[in-house]
Amino acid sequence: MLSVTAGVPVVKETRVNTPLRAALAAATLLLAIAPSRPAGEPGDRELEATLRAILEGAPLSGARTSVLVAELETGKVLFAKDPDVLLNPASNVKLFTAAAALARLGMDYRFDTEFWMEAPRGQGAPRALHVRGLGDPTLVTERLWAIAGDLAHLGLGRIGDVVVDDSFFDGDRNGPGFDQETGDRSYLAPTGAASLNWNSVAIHVAPGDRRGQRARVELEPASDFFDVDVRATTTGRRGGRRLEVSSIPLQGRQRILVEGRIPQGSRIQVVWRKIDDPALYLGHTLRRLLELRGVRSSGRVRAGPVPQGAKLVHVAESEPLADVVRRLNKTSNNFVAEQLLKTLGAEAKGSPGSWAKGIGAVEEFLAEAGIPRGAYLMKNGSGLNDTNRFSARQIVSLLRAMWARFPLQAEYAASLPVAGRDGTIRYRMEGTAADGRLRAKTGTLEKVTSLSGYVETSGRRRLAFAVVVNDFPGRATGAVRAVDALGEAIAAAGGPPEALGAAIAHARGAPPPAVPAASPADLAASVKTYYALGRTSDRRNLAFLRSALRTEAEPALRLAIAECVYLSEPDGDTSRRTFLEAVPADPSVVARLWAAGAEEDPPPVLPSLGELAAEGNADALAKLVEVAPAGALDAKLGAGIADLLAQAASSAPEELVQALRAAPPPAQEAAIAALGAGLARPEEAEHPFPMALAGLAKRQDDLGAFARTAEARLAAAVEAGRGVKAAP
């Protein structure tokens, strides 16, 4: 709990008791009935029992899993569960791509981008500038701006066409697995030998100056390559935000379509979308930057080869491959992985680089590492979608092979995210035995989660481990939490036994031990202090807030801290998840925080929850429905919940109906009543939700059946909200 002394927040630790002791007892029971085996290092049997308890308990029971934990140097297996079963490893495939690239291309390999000037064609005729890309996955606008300066300093003054040569790669831009998912999300960006900004563009959307005005949209980088169509409008401050941003190929250009609504006073929202023609994207951006540098262009941007007789005038080199691989694994960048794979194919098998050539080069490397060709399935370099199959034993074999290769060992291990510190596990396993001592690559797809890497245990043993989980029941949040608990347990081996019990409790989502509720005055003071930090939207406060969240046990205060994490980084996936996970099923906790933050403007929880719900976030909508019964505890809180449900019903009607259908009966009834009250207000006379609900009721599936029953219940709730007694 947090107390305030002279305006300074002080975090008090809470002792872990009953839930952890129960979890440790479960592990001890499993140990007692486990079959005997030769004695190993101290704690091996306890670790095995703990890992088995996590895998056999919720939320991983019923999932398909492949797990292996082994000593790095000797290969001695400490734990195994179906280690040879081939499963979809998701982004753990990047471990294989990165290893092959380092081994075949070398740590110091650099990607070149060449700039050529065409030979003079006549007196005074402007010469074309040619750009030859060689697969650089790290070229961004900032570097291109510096390159434009270097070219301007050559005294070009005036050029004709800007011609981009991307023949180092073949013309197939979307690899195997990318075709299984349609859309324009940035993680689906195409490959290209000449590429820029990971072949995506940033779209900044802000509200207009007044209600009804079009939203303000700016692109980074901006150029003639884009055709921007803004249809999104500015609404009143109470309106829900729901933006739809689309990126569409358009005859050698890219159309950016922005639809929806954004409330007055709303923060700027930044959305990344893929582009479809990397060569023209690079060419148009370069021409724009050259013009800003004073170099005039009288021609057009087009694709084509560098002609004979052209003169090389500049070469831009990337950072070393070791740094590129670090970026690949720390951020799990699909685009970088596929660029590396095609480059590997071009260098090993000859240009143009292709997926087939790149996979062939990886297979040759893996055979040398002891993983025979044909024992696995690898079709792309990123692990996207349902395309690849590896086992936990094969992943551990790769990890051990790279550990044995000096000096690749250091660069490869350093590329992996560190638990609780950086990369994709920066906010995972915080404050546990794994914090700072476990390095691992994550993998996430629908019904797939994986975690594989290196760890030094509490007993100072160095291990390699791989966890691959497919087809888990329930939501991804629980499965990821359980996989993290496996990592925590492995890191805790050889240390205090309480840490193993804590891992089991974490896997099961055991609530913090009960503590006496803070007095209203103490809670209000602490809430005020935290929100003063959270509302600054300063990411530098995240470390403090997350540390406070780990040690705080008072439920209402935990919820306030979690919302402040979200407010400090509202576009971060981890921050959103942290906030939503903290919203409890007990509506009285929300009511207590609401009362404690009565003087806050805006009030606690509801604005953040409503913002995410209006965007169609399934978890936010589920939480909004769950807290609906809290409206009965406070009239103003009830009115706020009714408003948010009405907003969500306008911007995400189908998603709201799905959340209502999945909710427990008490929450479902309270939410429908609150929604009816929201729709009964005079300003909602033309609300689109009843029509949307009627459309869903025509469907011949489970959702349609629920919608048909919900129509009558909602109509009665609307009548009740208008103060008219509903007919029987």
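**Cavities, helix contacts and sheets**

Guide: Val657, Leu660, Ile672, Leu675, Phe689, Leu693, Phe706, Ala710 and Leu714 line the largest cavity. The elements giving two or more residues to this lining are α21 (653-662), α22 (665-679), α23 (689-697) and α24 (702-721). Please note that the model is predicted: local features need pLDDT of at least 70, side-chain atom pairs count only at pLDDT 80 or more, and totals for chains, interfaces and linings use all residues. Residues are numbered from 1 along each chain as its sequence is written, and side-chain values use heavy atoms, with hydrogens and water left out.

Visitor: How is a cavity defined, and what volume does the largest cavity have?

Guide: Rolling a probe the size of a water molecule over the atoms shows where empty space is left. On a 1 Å grid over the protein atoms alone, a cavity is a set of points where a 1.4 Å probe fits but cannot get out, and lining residues have an atom within 4 Å of a point. Grid points are joined across faces, edges and corners, and a volume is the space filled by probe spheres set on the points. The structure holds two cavities of 30 Å³ or more, and the largest has a volume of about 50 Å³. Helices (H or I, at least four residues) and strands (E, at least two) are DSSP runs, numbered from the N terminus; α24 gives the most to the lining of the largest cavity, with three residues.

Visitor: At what angle do helices α3 and α8 pack?

Guide: Axes are lines fitted to C-alpha atoms, for helices over the stretch in contact, and angles run from 0 to 180 degrees between N-to-C directions. Helix α3 (residues 93-105) and helix α8 (residues 355-368) pack at about 85 degrees, with their axes 9 Å apart. Contact means heavy atoms within 4.5 Å; Phe96 and Arg104 of α3 and Phe365 and Glu368 of α8 are among the residues that make it.

Visitor: In what order do the strands of the five-stranded sheet stand?

Guide: Strands of a sheet pair through backbone hydrogen bonds, either parallel or antiparallel. Two strands pair if DSSP finds at least two bridges between them. The five strands form an open sheet in the order β17-β8-β6-β5-β18, with mixed pairing. β17 (301-303) and β18 (311-317) stand at the edges, each with a single partner strand, so one side of each has no neighbour in the sheet. The twist averages 20 degrees from one strand to the next. Strand β8 (residues 162-165) and β17 run parallel, joined by three bridges, and Arg302 in β17 is the bridge partner of Val163. Helix α4 (residues 141-152) packs on this sheet, touching β5 (112-117), β6 (129-133) and β18.

Key: On a 1 Å grid over the protein atoms alone, a cavity is a set of points where a 1.4 Å probe fits but cannot get out, and a pocket is an open set with protein on both sides within 12 Å along at least five of seven lines; lining residues have an atom within 4 Å of a point.
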